[in-house]
Amino acid sequence: MKRFFQIAAIIAVTVIAKSCSSEETPVDDKKVTAKEVIINYAKIVHQNYLDSYNSAVTMQNAITAFTTTPTQENLDKAKKAWLTAREFYGQTEAYRESDGPIDTSSNAWSINNEGQMNAWPLDEGYIDYVTASSDSYSGYTAYKGGIIAGTETINEALLVGKNEKENDESISTGWHAIEFLLWGQDETNPKEVKPGQRPLSDYTTDAKKERRKTYLNVVTSILVKDLKKLADTWAQGGQYYTVFMALPENEALKNIVKGPFFLANEELSEERMSKPADSDKGIDNCGQEDEHSCFSDNTHRDVVTNAQGIINVIFGKYGNISGPSFYDLVKQKDETSAATLKAKADEMMTAINKIDQSAKNNVPFDLLLLRESITSPGIVIQGAQSLKTLGNHISASATVINISVK
């Protein structure tokens, strides 16, 4: 019996010792490597572009159904599909300015199609007719009614060739060209809480209805192809995936951080929020033309999804994907810096979500613009400032892991 208790004691001690050994270290305490962060980022980017592509295909099917049978019900379905697809694309903007394929032109793997997909603001008169009240503001005067009123055959080559041909607002392709063709100009007073009101007759009885249908189908096809290229090149074994995974780790990490830093510190905070809030206000003292999605009044969702894209990259999460992140690397080196980064990220999303909630309460982005400016800030400017603050902390956190983004 004594021998039995001795053996039992030895087993118990062994089990306890093993449970405390490094082999059983909790997952939360496991050291994250740069390579793991790089691999997880690539997974996120690919899945996000793939989701964007798949949702754009769904939109394309809805648009095909509408142009084949142009009813109000089918137009509404096409609009809804556009809005749904934008939810995915908006998050991909955190991968811009990262020396990657979307906006790099000097390498064999470059696609450089961001301007073809998402350029804005666009001169509506370059594509289609505009109302008499805004015609004098149209920078394209080759013929009234834009490309649709012309005689050139509308095909992919024409629209791609004309994109930004005259100036940076002569946009003929991308999300906002499709948006304009679905919603039309938004010349409603912001207080009416209405988006653009393009009449169904533009696709049923108007003299240019067939050219308008053709344009809508062709421009949607171009966008779908552009998204497919990005999803394919980022897929495991894809052309840019292979290049990215072969980069020196510090270079890859810097590329990862540059995207959210650019979006937080410049593109979203300045161009998409501060500028329209403080621009030449135009209609009823409101800078509608500087809204990102001004035709559909979906700018509040653009802002939210862009901000979410920043969070996705910082914390290594997207959809069902969750893995080692930039934040984890910072935390391993300096917990205080990591805690500040997380706090500022949380504060930013709280500020941005106020804009989203405002729209749900029937105070959309263009009406918010009517109420504020840089000198009289409201929740748009406050949101922009919170992004700037986060951008500064992204830069500071990067230095913790020996990366410089400025």
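How many salt bridges does the count come to by the rule used here? The count comes to 24 salt bridges, where a salt bridge is a side-chain nitrogen of Lys or Arg within 4 Å of a carboxyl oxygen of Asp or Glu. Welcome to a predicted model, in which local features need pLDDT of at least 70 and side-chain atom pairs count only at pLDDT 80 or more, while totals for chains, interfaces and linings use all residues. Residues are numbered from 1 along each chain as its sequence is written, and side-chain values use heavy atoms, with hydrogens and water left out.

**The chain as a whole**

- The protein chain has 16 helices and two strands; helices (H or I, at least four residues) and strands (E, at least two) are DSSP runs, numbered from the N terminus.
- Of its 406 residues, 53% count as buried. Buried means under 20% relative accessible area, exposed means over 50%, and partly exposed lies in between (1.4 Å probe, protein chains only).
- Among contacts in the protein chain with a separation of 6 or more, 73% come from residues 24 or more positions apart. Contact means heavy atoms within 4.5 Å.

**Salt bridges to look up**

- E73 and K77 form a salt bridge whose closest N and O atoms are 3.5 Å apart. Both residues lie in helix 3 (residues 72-92), four residues apart, about one turn of the helix.
- E73 is exposed, with a relative accessible area of 52%, whereas K77 counts as partly exposed at 47% relative accessibility.
- D302 and R86 also meet through their side chains, in a salt bridge of 3.0 Å from N to O. This pair links distant parts of the chain, with D302 in helix 12 and R86 in helix 3, 216 residues apart. Both D302 and R86 are buried.
- R96 makes a salt bridge with E114, and the closest N and O atoms are 3.6 Å apart. Here too the pair links distant parts of the chain: R96 sits in the loop between helix 3 and helix 4 (114-118), and E114 sits in helix 4, 18 residues away. R96 and E114 are both buried.
- A network of salt bridges links R96 and E114 with E93, D103, E267 and R272.

**A look at helix 12**

- Helix 12 (residues 299-315) has 17 residues and reaches 25 Å from its first C-alpha to its last, close to the expected 24 Å. The expected span is 1.5 Å times one less than the number of residues.
- This helix is mostly covered, as 16 of its 17 residues are buried.

**Helix 2 and its partners**

- Helix 2 (residues 34-68) and helix 11 (residues 249-277) have axes that come within 10 Å and cross at roughly 45 degrees. Axes are lines fitted to C-alpha atoms, for helices over the stretch in contact, and angles run from 0 to 180 degrees between N-to-C directions.
- Helix 2 and helix 11 are therefore oblique to each other: angles under 35 degrees count as roughly parallel, over 145 as roughly antiparallel, 65 to 115 as roughly perpendicular and the rest as oblique.
- In this meeting, A34, K35, V37, I38 and Y41 of helix 2 touch E249, A252, L253 and I256 of helix 11.
- The axes of helix 2 and helix 10 (residues 239-246) come within 10 Å as well, crossing at roughly 165 degrees. That makes helix 2 roughly antiparallel to helix 10.
- The contact between them is made by K35, I38, I39, Y41 and A42 of helix 2 and Y241, F244 and M245 of helix 10.
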